[in-house]
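Me: Please take a close look at one part of this model, the shell of residues around the ligand. I would like to know what it is made of and where it sits.

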Amino acid sequence: MQIVIIGSGVAGVSFAEKYRELSADDDEITLVTREHDGYYSRPLLSRGFSKADIELSIILKPFDRLRENNINVLCGVEVTAINRVDKSIDINGACQEKALQYDKLVLAQGSSAFIPPPFRPYESLFFCLNSLVDLKALRKFRRELLNQNQQPNWAIIGGGLIGCEVASDLATAGDNVTLFHAMDRLMERQLAAEDSALLLKVLQGSGIKVLLNQAVKEFIKEEDKICVRTEVTDEFDGLIVACGFKPRTELAELAGLETGRGIKVNPYLQTSDESIYALGDVAELPNGKLYAFILPIRNQALWLAEFLAGQKQESIGSISEGWTPPVFTTKAKVHGFEAAHPYNV
Ligand SMILES: Cc1cc2nc3c(=O)[nH]c(=O)nc-3n(C[C@H](O)[C@H](O)[C@H](O)COP(=O)(O)OP(=O)(O)OC[C@H]3O[C@@H](n4cnc5c(N)ncnc54)[C@H](O)[C@@H]3O)c2cc1C
């Protein structure tokens with residue numbers, strides 16, 4: 001059997017390792033990814049400025065460790081199409097192959113940063129923090145300013161989970177930060193009002209200027225500065241847009257799979273094509289939810305590996321009821337902040 005996985009995040013790697021452990025030796029497992037640096041911790045991206053050795057310490061596993069475990073990894077490779085009729089994917093990269101056949105395909109492509117439509121014309125003017133490539137670009141930009149004895153002055157657009165974490169980490173690293181948020185309180189989708197108020201105090205206490213109820217109208221480049229226009233116009237050295245995430249559904253859509261916010265799956269994490277499964281940030285469960293956090297994603301990956309390896313068949317022959325989300329909580333990695341109430345995830 002040929003199992004092909006797209007994506008080397010927690011979903012793809014956890015699935016590949018567990019399936020390798022459970023499956024027959026002659027099952028071929030191939031993991032295809034555009035990444036070069038290995039399997040890394042995405043949550044640690046938001047500690048990317050206060051931790052000096054982050055570019056190394058963020059790597060959880062080099063790809064060679066997976067290869068030693070009999071998982072074929074094609075890295076630096078872009079999957080450009082899914083061909084459902086002949087069960088293959090088209091790939092583009094520094095490897096010999098141009099297409100790969102599969103018996104079962106697992107889509108674990110994760111999510112990209114969501115860019116609100118009004119900001120899209122300005123993409124060359126701002127950074128996002130969604131991948132290790134993004135973090136390296138941000139760190140290089142910051143290093144160049146520091147080398148000129150300039151402490152960077154940042155604008156961050158978005159006071160959700162990632163915007164608050166990044167603001168906090170940049171401030172901890174000594175930079176000047178202004179955080180623009182469209183709503184009247186921070187992390188309003190996750191936190192109780194009382195915790196939003198506490199978070200505001202913590203961020204302000206670390207020197208961050210927090211501007212609520214801000215309708216950002218446009219960005220303007222002026223020499224080596226970027227201006228953010230709201231009711232007033234402020235200028236900054238660097239700009240980070242942190243307005244949420246968007247599941248990477250494009251390949252699935254082109255292949256005619258059912259999609260909504262994510263790629264729609266049934267309780268067995270199976271898409272509208274019975275040979276194709278989806279999990280992680282990219283998967284939308286029958287209840288309409290995306291489980292875009294490490295703990296439930298790892299749980300999905302282990303469940304799917306067991307399911308495909310035949311371990312969810314019960315002794316009387318009936319199969320399990322499908323994946324059910326584990327109970328879990330999460331927390332914002334904002335320096336010095338601890339919410340009093342559990343998060344709404
Ligand atoms: C800054 C930040 C902080 C976070 N903090 C937390 C936290 O504290 N706690 C928590 O639980 N969650 C956190 N999250 C969310 C968590 O990291 C994600 O839910 C999780 O990493 C998603 O894993 P995934 O494997 O589904 O996708 P990803 O990690 O996005 O992996 C998908 C992979 O697929 C590859 N890929 C996609 N398309 C293609 C293609 N066409 N060809 C080849 N390769 C492709 C991508 O390059 C990527 O490597 C955070 C996320 C971010 C961005």
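Reply: Helix H1 gives the largest share of the shell around the ligand, three residues. Helices (H or I, at least four residues) and strands (E, at least two) are DSSP runs, numbered from the N terminus. At least two shell residues each come from helix H1 (10-22), strand E6 (77-83) and helix H8 (294-308).

This is a predicted model, in which local features need pLDDT of at least 70 and side-chain atom pairs count only at pLDDT 80 or more, while totals for chains, interfaces and linings use all residues. Residues are numbered from 1 along each chain as its sequence is written.

There are 34 residues around the ligand, and Gly7, Gly9, Arg42, Gly110 and Gly280 come nearest. A residue is near a molecule or strand if its C-beta atom, placed from the backbone, lies within 6 Å of it. By class, the shell has 15 nonpolar, 12 polar and seven charged residues. Ala, Val, Leu, Ile, Met, Phe, Trp, Tyr, Cys and Pro count as nonpolar, Asp, Glu, Lys and Arg as charged, and the others, Gly among them, as polar.

As for position, the protein chain is divided into domain 1 (2-112 + 245-308) and domain 2 (115-241), with bounds from an automatic or database domain assignment. The contact takes 11 residues from domain 1 and 14 residues from domain 2; two residues are in contact if their C-beta atoms, placed from the backbone, lie within 7 Å. Over C-alpha atoms, the centres of domain 1 and domain 2 are 30 Å apart. Both domains give residues to the shell around the ligand, so it lies between them.
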